[in-house]
Amino acid sequence: MTTATINLNVMPRRMLTLREAAKYVGLDVKRFNSACAVPAIDLPGGIKQYDIRDLDLWVDHVKAGSSDPDDAILSLLDKKAS
């Protein structure tokens, strides 16, 4: 049997569409819109996308058992902006 080696360079994407962001955190789009406190970012050309780093912060906070994920994500985003 012949063997081959394939070298792949995969560039991870930082910004996700609504559908991709919902799938990334394991929710359907409808539930994502009502549950996730991470705001979409307005990119040039009228494109709205979600920063994967902000989604990770939100998931970490929810995982930690926060009682108010909306306030928590806003405070995390404020710290990130500082």
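Leu-43 stands opposite Ile-47 in strand 3, and that pairing is where I would like to start. What we have here is a predicted model, in which local features need pLDDT of at least 70 and side-chain atom pairs count only at pLDDT 80 or more, while totals for chains, interfaces and linings use all residues. Residues are numbered from 1 along each chain as its sequence is written, and side-chain values use heavy atoms, with hydrogens and water left out.

Let me stay with the strands for a moment. Strand 2, which covers residues 41-43, is joined to strand 3 by three bridges, and the two run antiparallel; strands are said to pair if DSSP finds at least two bridges between them. Together strand 2 and strand 3 form a hairpin with three residues between them, and in the turn Gly-45 has a positive phi of about 85°. Strand 1, residues 15-16, also runs antiparallel to strand 3, and two bridges join them.

Now let me go through strand 3 residue by residue. Gln-49 lies in this strand, which spans residues 47-51, and at 15% relative accessibility Gln-49 counts as buried; here buried means under 20% relative accessible area, exposed means over 50%, and partly exposed is in between, using a 1.4 Å probe and protein chains only. Leaving aside residues up to four places away in sequence, Gln-49 touches Met-15, Leu-16, Thr-17, Ala-40, Ile-41 and Leu-43, where a contact means heavy atoms within 4.5 Å.

Asp-51 is found in strand 3 as well, and it is buried at 4% relative accessibility. Its side chain reaches the backbone nitrogen of Arg-53 at 2.9 Å.

Which aromatic pair does a search of the whole structure find? The search finds one, formed by Phe-32 and Tyr-50, and it is edge-to-face, with 5.3 Å centre to centre and 85° between the planes. Because Phe-32 lies in helix 2 (residues 29-35) and Tyr-50 in strand 3, the pair ties together parts that are 18 residues apart in sequence. Phe-32 is buried, with a relative accessible area of 1%, and Tyr-50 is buried at 10%.

Not counting residues up to four places away in sequence, Val-25 touches Phe-32, Leu-55, Trp-58 and Val-59. From C-alpha to C-alpha, Val-25 and Asp-56 are 8.4 Å apart in space, although 31 residues separate them in sequence.

I will end with the totals. Of the 82 residues of the protein, 21% count as buried. Among contacts between residues at least 6 apart in sequence, 43% join residues at least 24 apart.

Note on methods
Helices (H or I, at least four residues) and strands (E, at least two) are DSSP runs, numbered from the N terminus. A polar contact is a pair of N or O atoms within 3.5 Å; within protein, one must be able to donate a hydrogen and the other to accept it, and residues adjacent in sequence count only if both atoms are side-chain atoms. Rings of Phe, Tyr and Trp (its six-membered ring) pair if their centres lie within 6.5 Å; planes under 30 degrees apart count as stacked, over 60 as edge-to-face and the rest as tilted.
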